[in-house]
Amino acid sequence: MGGKAIVSGGTMALNAPENMSISRAVVAPMVILTFQFFVLTAFSLMGGSIEQVIQIGSKLMVGLVFVYAFPVIWRNNGSKLFGTYLLTSIVFLFHYLVFPANRIYMNEILFPLFFMCLPSFVYSSTIDNWAILKEVMEKAALCVFMMGLVLTILVFSGRVPFGAYSMAFSYYMLLPAIIYTNRAFDCASFRNLLFAFIASFIVLALGARGPLMCLAIFALLKLVKPEKAPTPRGVIGYLVLLTIGFFSILFFEEILLSLSSFLSKFGIRSRSIALLLRPDINLSGRDSLFRVVVEELMKSPIIGLGLAGDRPLIGGYVHNFFLEVLSHFGVIVGLIVLIIFSFRCLWGLLRAKQLNYELLIIWFSMGFMPLMVSGSYLISLNFWVFLGLLLGLPSKSPLEEVLCEQ
């Protein structure tokens with residue numbers, strides 16, 4: 001058949017250049033934001049007058065990437081784009097009118113939600129060649145890895161002041177940590193193992209604990225559903241990583257103490273290591289935030305606190321996806337949203353084929369899992385990318401598959 005094939009939902013299949021353009025738009029923000037952090041930190045521009053200029057420049061760069069791919073989206077998925085913005089605008093306006101105390105905080109999320117997160121959702125849901133997306137992600141991971149490595153060398157050499165830790169930097173480095181861990185599972189090359197180790201070490205030494213949890217979740221999900229017919233090198237990769245994991249658990253405390261001693265020689269005190277060595281579970285004050293939000297939610301369980309309603313109470317977000325959704329929409333609507341989301345996640349992961357499953361668990365680990373301990377779904381680009389991929393998961397009927405092959 002001539003022209004483009006029809007895929008599920010009545011949309012038209014994209015060609016390779018179109019998939020490449022959209023995939024770059026989806027992944028570019030991670031590279032641009034990492035570059036922004038690299039420049040601000042390497043040249044000690046944090047807190048200076050130039051910081052805001054660089055941040056605005058980064059947003060403009062992200063915007064240009066989105067604009068470049070926009071014609072493809074409009075031609076192929078214009079109805080979803082319109083419907084997404086219409087529904088979100090209605091919900092946002094309703095909460096803006098009903099919860100006036102939240103308006104100052106809703107104003108703050110307006111730009112990231114409508115101009116960063118929603119485009120990421122629609123663009124990612126439009127991609128139908130996930131192999132191209134994976135290729136773009138691996139190139140982005142290398143860029144982020146190189147910037148992170150250079151910055152780490154500058155910090156260890158004492159040329160750049162860094163502070164106790166950086167949560168943002170550790171989540172940027174989560175991309176290469178996961179990508180190269182995934183590659184190490186599939187092919188146990190020295191390069192993949194080395195890059196996975198270095199990226200993970202950077203997260204542990206200079207970052208927060210959250211990304212380590214996300215990396216561990218990814219590894220578990222990868223083990224649950226390995227390749228159907230792993231190559232000999234893939235088998236070796238699994239054995240090597242399982243051996244490393246086994247001895248890491250067995251000598252967990254000794255390894256952390258050795259790493260702490262090593263880092264102290266460079267004047268670095270890893271906050272993550274210090275917290276992991278504590279005998280008790282430390283939630284960094286999040287338990288008190290949970291308590292405040294739950295108590296306030298119980299006063300208005302039906303309508304909840306409204307969008308961004310946790311912000312006026314605690315001066316920031318509640319650091320837990322489930323509690324945030326319940327507080328924003330109330331117990332009834334919130335539970336319905338969470339049940340649908342959870343079912344869709346489980347259904348998508350169970351039915352996804354190998355490549356789709358691989359990318360889903362990568363974005364699940366980078367987009368959803370961080371929201372269990374940090375961040376907010378209202379401003380998290382990676383979460384909306386995961387949601388877009390989840391809802392855009394290919395589901396062709398036998399007839400459609402035949403048509404696509406013609």
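# Exercises on a predicted helical chain

Asn19 has a relative accessibility of 1%, so this residue counts as buried (under 20% relative accessible area; exposed is over 50% and partly exposed lies in between, with a 1.4 Å probe and protein chains only). The model is predicted, so local features need pLDDT of at least 70 and side-chain atom pairs count only at pLDDT 80 or more, while totals for chains, interfaces and linings use all residues. Residues are numbered from 1 along each chain as its sequence is written, and side-chain values use heavy atoms, with hydrogens and water left out.

## Exercise 1: the chain as a whole

Task: State how many helices and strands there are in the chain, and what share of its residues count as buried.

Solution: 
- Step 1. The chain has 18 helices and 0 strands. Both are DSSP runs numbered from the N terminus: helices are H or I with at least four residues, strands are E with at least two.
- Step 2. The chain has 406 residues, and 48% of them count as buried.
- Step 3. Take the contacts between residues at least 6 apart in sequence: 76% of these join residues at least 24 apart. Contact means heavy atoms within 4.5 Å.

## Exercise 2: surroundings of Asn19

Task: Find where Asn19 is placed and which residues Asn19 is in contact with, leaving aside neighbours within four places in sequence.

Solution: 
- Step 1. Asn19 belongs to helix H1.
- Step 2. With neighbours within four places in sequence left aside, Asn19 is in contact with Leu14, Ile127, Asp128, Asn129 and Ile132.

## Exercise 3: packing of H12 and H14

Task: Are H12 and H14 roughly parallel or roughly antiparallel?

Solution: 
- Step 1. H12 and helix H14 (residues 321-329) pack at an angle of about 30°, and their axes are 10 Å apart. Axes are lines fitted to C-alpha atoms, for helices over the stretch in contact, and angles between N-to-C directions run from 0 to 180 degrees.
- Step 2. Angles under 35 degrees count as roughly parallel, over 145 as roughly antiparallel, 65 to 115 as roughly perpendicular and the rest as oblique. H12 and H14 are therefore roughly parallel.
- Step 3. Their crossing is left-handed: the near helix is turned anticlockwise from the far one by less than a right angle, whereas clockwise is right-handed.
- Step 4. From H12, Phe290, Val293, Val294 and Leu297 meet Leu323, Leu326 and Ser327 of H14.
- Step 5. The contact of H12 with H14 has 6 nonpolar, 1 polar and no charged residues. Ala, Val, Leu, Ile, Met, Phe, Trp, Tyr, Cys and Pro count as nonpolar, Asp, Glu, Lys and Arg as charged, and the others, Gly among them, as polar.

## Exercise 4: packing of H6 and H16

Task: Repeat the analysis for H6 and H16: are they roughly parallel or roughly antiparallel?

Solution: 
- Step 1. Helix H6 (residues 174-186) and helix H16 (residues 354-368) pack at about 150°, with axes 10 Å apart.
- Step 2. H6 and H16 are therefore roughly antiparallel, and their crossing is right-handed.
- Step 3. H6 contributes Leu174, Leu175, Ile178, Ile179, Asn182 and Asp186 to the contact, and H16 contributes Glu358, Ile362, Ser365 and Met366.
- Step 4. By class, the contact of H6 with H16 has 6 nonpolar, 2 polar and 2 charged residues.

## Exercise 5: aromatic pairs and Phe386

Task: Classify the ring pair of Phe121 and Trp384, then list what Phe386 touches.

Solution: 
- Step 1. The structure holds 25 aromatic pairs. Rings of Phe, Tyr and Trp (its six-membered ring) pair if their centres lie within 6.5 Å; planes under 30 degrees apart are stacked, over 60 edge-to-face and the rest tilted.
- Step 2. The ring centres of Phe121 and Trp384 are 6.1 Å apart and the planes stand at 85°, so this pair is edge-to-face.
- Step 3. The pair links distant parts of the chain, 263 residues apart: Phe121 is in helix H3 (residues 103-126) and Trp384 in helix H17 (residues 381-391).
- Step 4. Phe121 is buried at 9% relative accessibility, and Trp384 is buried at 12% relative accessible area.
- Step 5. Ring pairs link a cluster that includes Phe121, Trp384 and Phe386.
- Step 6. Phe386 lies in helix H17 and is buried, with a relative accessible area of 0%.
- Step 7. Not counting residues up to four places away in sequence, Phe386 touches Phe341, Cys345, Leu360, Trp363, Phe364 and Phe368. Phe386 and Leu360 are 26 residues apart in sequence and 6.9 Å apart in space, C-alpha to C-alpha.
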